[in-house]
Amino acid sequence: MKRRTFLSLGAAAGTATLVANPSLTQAIRTKPARIIVLGAGFSGLSAALKLHDAKTDFVVLESRNRVGGRVFTHVLDDANDLRVELGAEWVGRSHEEVQKLCKRFDIELFNNQFETDLLFRGSYQPSDQWEYSEEWKKRFEEILKNFKNLSDAQQRELDNMDWWRFLVNNGIPENDLFLRELLDSTDFGESIRHVSGFSALSEYAESSKKNEMDFKMKGGNGTLARKIAEHIGSDKIKLGYHVEAIEQKNGKVKVICTNGETFEADRLICTIPTFSLSKIKFTPALPKEKINAINALQYARINKHAVLFSERFWGREDFDLITDTSAHYFYHATKNQPAKSGALISYSIGEKADVFGWNDDHLRKQMVLESLRPLARAEDYFRKEVNYYWGSDHYSKGSYAVYGKGQWFSIRPILAAKFLNIHFAGEHIADWQGFMEGAVATGAEAAEAALA
Ligand SMILES: Cc1cc2nc3c(=O)[nH]c(=O)nc-3n(C[C@H](O)[C@H](O)[C@H](O)COP(=O)(O)OP(=O)(O)OC[C@H]3O[C@@H](n4cnc5c(N)ncnc54)[C@H](O)[C@@H]3O)c2cc1C
């Protein structure tokens, strides 16, 4: 989400400082000789790359045994080297920082746009045979156009209501509302009844035509993580290092890992999701308002169920399908990867994602095949499946942050504020929140702030 309007309000969230008590205000600021980066997702890697470019001494500590975090490319078909994304999928047309990195590391971006079919109330409608009502299309255009004219007070008012309420208050016809619920909830990972009206409107008013569902990296999005890590050097990235405690004393930051190793530095850049953050013991403790903000923020439940089929029976490479079934949203996950076989991903959100996540592959397969029934007897082509339920992810317990009513303007600046010599970064506090772009941008910004 591109909320430049918010940044221009002058909140300067990334540079604000939170302190637990007045005696701690004197964080000793010297030019940092060494910096620790916590997390090797896109945010941590982006911070590390900046530090590498600046020739500063640093180390990255990552709990998983791989880099990339919520960017997670999986080889589904070894024989044909078909890769699917179990985490982040699309690179947006407006996502300049990610595109710059792809250029720097020589990664081709493929078109990954789709034309959406609809399965609604048992009726299958190809992409060119359904749309919003003329009345609503016209009204929504006006709403989008008006976004840039909203005053600060109006933006905050919008943040205080959910997206569903905003649409209803703006007279959306019921059928259009049902369609928006199905489609928009794929963007936020939860029902539109849980999403801040400001978060939603800013996303739709300022995103590309296809709502940033534009490109994908050749070889999978994980390629970028791997290439950055190779460039930085594996000696700088310690995998399998789970941080459990952080101490700040005399202007130094000390990090303690569960394997007993400790690291000391002048600054720390913390890029981990809030669930992981809440598990770390901080000395001195994080300020109460930061703890409250961490506890207030929810992450969206998304389940990705990728199924490999022996043939691409859906017919067209740019196939996707929104449904009102539990499988929710399907898209062709192997577009631009030539082979006879191919994969569809069922991408479900909220309680539908729970249903997928809680059940076993047998039931998941049934739900997927049943949802595809109007299209084909998909079981005839079934080869294998893989599931990832982000609601259970050990580190984030969700896919990405979902800002609810009133939260964007209240808790986001608190989450972003530095604490003594700790700078915060990550998708959850980004202008482009919920995207790789946000992770990359905040990582780079935190590195610049830490170096200053
Ligand atoms: C299902 C799904 C779909 C998505 N779709 C898109 C999309 O289409 N386009 C898009 O741009 N974005 C998408 N995203 C969002 C994108 O993946 C994230 O915004 C981005 O990857 C987050 O990066 P990050 O560095 O902020 O966090 P992370 O990737 O979570 O990195 C944080 C790292 O910290 C590590 N860590 C946590 N705790 C500790 C600890 N105590 N000690 C050491 N290490 C720790 C974690 O293992 C992790 O590797 C999607 C995400 C998901 C899950």
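Modeller: The axes of α2 (42-53) and helix α9 (residues 222-232) cross at roughly 30° and come within 10 Å. That makes α2 roughly parallel to α9, as angles under 35 degrees count as roughly parallel. Axes are lines fitted to C-alpha atoms, for helices over the stretch in contact, and angles run from 0 to 180 degrees between N-to-C directions. Helices (H or I, at least four residues) and strands (E, at least two) are DSSP runs, numbered from the N terminus. This is a predicted model, in which local features need pLDDT of at least 70 and side-chain atom pairs count only at pLDDT 80 or more, while totals for chains, interfaces and linings use all residues. Residues are numbered from 1 along each chain as its sequence is written.

Biologist: Which residues in α2 and α9 meet?

Modeller: A contact requires C-beta atoms, placed from the backbone, within 7 Å. From α2, F42, L45, A48, L49 and H52 meet A225, I228, A229 and I232 of α9. An α-helix has 3.6 residues a turn, so residues three or four places apart point the same way.

Biologist: How many of the 16 residues of α15 are buried?

Modeller: A residue is buried if 20 or more other C-beta atoms lie within 10 Å of its own, exposed if 12 or fewer, and partly exposed in between; C-beta atoms are placed from the backbone. In α15, 12 of the 16 residues are buried, so this helix is largely enclosed by the rest of the structure. Among them are M436, G443 and A450. The buried residues of α15 pack against elements including α2 (42-53), β1 (34-38) and β22 (422-424).

Biologist: Is Y347 buried or exposed?

Modeller: Y347 is buried, because 25 other C-beta atoms lie within 10 Å. Y347 lies in strand β19 (residues 342-349). Leaving aside neighbours within four places in sequence, Y347 is in contact with T186, I302, K304, H328, Y329 and Y331. UniProt lists Y347 for "binding site" (unreviewed entry); positions are in the numbering used here, feature names are shortened, and annotations may be inferred rather than shown by experiment.

Biologist: Where is the place of S410?

Modeller: S410 is in the loop between β21 (401-402) and α14 (411-416). S410 is partly exposed, with 14 other C-beta atoms within 10 Å.

Notes. Contact = placed C-beta atoms within 7 Å. Parallel < 35°, antiparallel > 145°, perpendicular 65-115°, else oblique.
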